[in-house]
Each structure stands twice: as C-alpha cells, then as structure tokens.
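Here is a short briefing to read with the model open beside you. Take a look at the chain before going through the points below.

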Amino acid sequence: MKYVYIIIGGALGSLLRFLVADFISTKYSSFFPLGTFSVNVIGSLLIGLLFGLFSMNGQIDDKLKFFIFIGFLGGFTTFSSFALENIKLINEGLISTSLLYILLSNVVGIAIAFAGYFIGLKLR
C-alpha cells in the first residue's frame with residue numbers, strides 16, 4: 001500500500017509543481033529561474049511545517065510519510081530541475097547568476113524549512 005501512497009502523492013505533487021512554476025515563470029519573466037526557486041522555497045516551508053506539525057519524537061505516521069513527505073513533496077520540489085537550470089545558466093555564461101541561484105536556494109530553503117518546523121511545533 002505504501003507504493004500507492006507514494007505514486008498518488010508524487011503525481012499530485014508533480015502536477016502542482018508544474019502549475020505553480022509555470023504560473024510564476026509566465027507572470028514574472030526574469031533571467032532568474034523564479035518558478036523553480038519559488039517551488040523549492042514553498043516545498044521547504046511545507047516540509048518543515050508539516051514535519052513540525054505531524055512528528056512525535058521525530059517519528060511520522062507511515063501513511064503521512066509515504067503520501068506527503070515522500071510522494072507529494074518529493075514530486076513537488078524540484079532539485080533535478082534546479083540542477084539542470086544551473087547547467088543551462090553556466091552553459092550560457094551566467095556563472096554569477098548560477099552561483100546566486102545555488103546560494104539562495106540552499107540558504108533560503110534550509111532557513112524556511114526551519115521556520116516552518118518551528119511554526120508547526122507551535123501550532124500543534
């Protein structure tokens with residue numbers, strides 16, 4: 001049954017990732033990969049928030065773990081797209097943009113995951 005949770009969550013997360021990233025990229029045209037960056041920040045906030053809300057002594061219910069954390073958020077966040085976009089930026093000679101993207105994605109992503117985690121702890 002865990003595979004079903006992962007498959008359904010992953011499909012929904014991937015679809016939402018596409019819709020959100022496409023919307024942001026279309027609405028806010030930029031040299032910076034804003035759509036993927038936004039999805040990664042949102043995903044980092046959600047994973048921290050939900051972990052804070054649902055973890056008991058660092059443990060998550062298996063159904064939630066498979067559906068939300070592995071499936072949905074695994075499909076929603078876009079590290080492979082992030083890597084490919086950095087390759088493209090570097091190939092286009094935009095090395096400083098690539099470095100900025102890497103730095104911001106990691107620093108903001110981790111910081112927002114911690115923020116979400118602490119908010120989740122406060123809400124439960």
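Contact, as used here, means heavy atoms within 4.5 Å. With that in hand, Thr97 touches Phe31, Phe32 and Leu89, not counting residues up to four places away in sequence. This is a predicted model, in which local features need pLDDT of at least 70 and side-chain atom pairs count only at pLDDT 80 or more, while totals for chains, interfaces and linings use all residues. Residues are numbered from 1 along each chain as its sequence is written, and side-chain values use heavy atoms, with hydrogens and water left out.

**The chain as a whole**

- The chain has five helices and zero strands, where helices (H or I, at least four residues) and strands (E, at least two) are DSSP runs numbered from the N terminus.
- Read from the N terminus on, the order of elements is α-α-α-α-α.
- Along the principal axes, the C-alpha atoms fill a box of roughly 45 × 30 × 25 Å.
- Of the 124 residues in the chain, 33% are buried; buried means under 20% relative accessible area, exposed means over 50%, and partly exposed lies in between (1.4 Å probe, protein chains only).
- Among contacts with a separation of 6 or more, 72% join residues 24 or more positions apart.

- Helix α1 covers residues 2-27, which is 26 residues, and reaches 37 Å from its first C-alpha to its last.
- That reach is close to the 38 Å expected at 1.5 Å a residue, the expected span being 1.5 Å times one less than the number of residues in the helix.
- Gly9, Gly10, Gly13, Ala21 and Ile24 are the buried residues to look for in α1, and what covers the buried residues of this helix includes α2 (34-54) and α3 (62-76).
- Leu12 is also found in helix α1, but Leu12 is partly exposed, with a relative accessible area of 43%.

**Aromatic rings**

- The structure holds nine aromatic pairs; rings of Phe, Tyr and Trp (its six-membered ring) pair if their centres lie within 6.5 Å, and planes under 30 degrees apart count as stacked, over 60 as edge-to-face and the rest as tilted.
- One of these pairs is tilted: Phe79 and Phe82 sit 5.0 Å centre to centre, with 45° between the planes.
- Phe79 and Phe82 are three residues apart in helix α4 (residues 79-91), so about one helical turn separates them.
- Phe79 is exposed at a relative accessible area of 58%, whereas Phe82 is buried at 6% relative accessibility.
- Ring pairs also link Phe79 and Phe82 with Phe31, Phe32, Phe37 and Tyr101 into a cluster.

- Thr97 lies in helix α5 and is buried, with a relative accessible area of 9%.
- Ser105 is found in helix α5 (residues 95-123) and counts as buried at 12% relative accessibility.
- Leaving aside neighbours within four places in sequence, Ser105 is in contact with Phe37 and Phe82.

- The structure holds one salt bridge, meaning a side-chain nitrogen of Lys or Arg within 4 Å of a carboxyl oxygen of Asp or Glu.
- Its partners are the side chains of Asp62 and Lys65, which meet at 3.7 Å, N to O.
- Asp62 and Lys65 are three residues apart in helix α3, so they are separated by about one helical turn.
- Asp62 is partly exposed at 44% relative accessibility, and Lys65 is partly exposed at 32%.
- Ile60 lies in the loop between α2 and α3 and counts as buried at 15% relative accessibility.
- Apart from neighbours within four places in sequence, Ile60 is in contact with Phe51, Phe54, Ser55, Lys65 and Phe69.
- The C-alpha atoms of Ile60 and Glu92 are separated by 43 Å, with the two residues 32 apart along the chain.
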